[in-house]
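Welcome, and please have a look at the model below.

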Amino acid sequence: MAAEGFAKWTRRFEDERERRGAQGDPEWERGAVLHRAVWAGIQRFQVGEDGDGANLVAKAEAAGDADYARAVRLFVAEEQNHARLLARLLAAGGRPTLSGHWSDTAFVRLRRLLGLRTELLVLMVAEVVALRYYRALRDGTDDALTTEVAGRILADERRHVPFHCARLHDSLAGLPAVTRRPVLTLWRLLLLAATLVVVDHGAGLRRLGVGRRRFAADVMTSSAEVVEAVLTPRPDAWTGGA
């Protein structure tokens, strides 16, 4: 990282928190009408966004960088807000939240196996898949409330990815140079497997105008950008899809 370190990211998260507070919530009373397959996808992603983030925060604090730990706590708060927004969206459509899902349970257990580096690599799998999903949800329906909620979450996710890339760059710098790209190649394979889990339930994606192959291809394209951002971080140049 540059001399300023993660203090820059902390300010970005704090600025966004202030903007979000001034903006207020969407107009939930408008209600939401979606196909049941789309609702099913929202329910699954709501489960994935939910959680207290305590394990990640503890590892960030143990890393010894106060600015980074502060930024992680703000990141977790944004993820919790995503879970809240999705729960309110489900309620606006008369749909319940799920108590859990096997895929989320598996990812949480995998994330907690080792240290901060492994936690972030697994977390980034979910983040990159989420980038494409929320873009599809934003653009693939004519329901105004759904479009607004998905757009808000997508804007946050497009900040989260370069934030994690910056930390992963620092973390992987501790490995021999010849091993860094192979580690990220294995990460892309894990991402592909996770993407196939999502597209295996492709009815909702089709309703959003995104076929399984296109969804998977777009996720893998984004993953190539992530690899380059981790190896040579340029967070202000991140695009992450339109």
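## Burial and surface

Of the 242 residues in the protein chain, 47% are buried, where buried means under 20% relative accessible area, exposed over 50%, and partly exposed in between, with a 1.4 Å probe and protein chains only. The accessible surface of the chain is about 11400 Å², and 54% of that belongs to carbon and sulfur atoms. These areas come from the Shrake-Rupley method with a 1.4 Å probe; for residues, only the protein chains shown count as cover.

A word on the basis: this is a predicted model, in which local features need pLDDT of at least 70 and side-chain atom pairs count only at pLDDT 80 or more, while totals for chains, interfaces and linings use all residues. Residues are numbered from 1 along each chain as its sequence is written, and side-chain values use heavy atoms, with hydrogens and water left out.

## Fold

The protein chain has ten helices and zero strands; helices (H or I, at least four residues) and strands (E, at least two) are DSSP runs, numbered from the N terminus. Among contacts (heavy atoms within 4.5 Å) with a separation of 6 or more in the protein chain, 81% are between residues 24 or more positions apart.

## Aromatic pairs

How many aromatic pairs does a search of the whole structure find? The search finds nine. Rings of Phe, Tyr and Trp (its six-membered ring) pair if their centres lie within 6.5 Å; planes under 30 degrees apart count as stacked, over 60 as edge-to-face and the rest as tilted.

One of the pairs is Trp9 with Phe163, which is tilted, at 5.6 Å centre to centre and 55 degrees between the planes. Trp9 is in helix α1 (residues 7-23) and Phe163 in helix α7 (residues 144-172), so this pair ties together parts 154 residues apart in sequence. Both residues are buried. Phe45 and Tyr133, in turn, are stacked, with 3.9 Å centre to centre and 5 degrees between the planes. Because Phe45 lies in helix α2 (residues 36-49) and Tyr133 in helix α6 (residues 116-139), the pair ties together parts that are 88 residues apart in sequence. Phe45 is buried at a relative accessible area of 16%, and Tyr133 is buried at 4%.

## Cluster and charges

Trp9 and Phe163 also belong to one aromatic cluster with Phe6, Phe13, Tyr68 and Phe75. Arg12 lies over the face of Trp9, 4.6 Å from the ring centre. The charged end of Arg167 sits over the ring of Tyr68, at 4.7 Å from its centre. For such a placement, NZ of Lys or CZ of Arg is within 6 Å of the ring centre and within 35 degrees of the ring normal.
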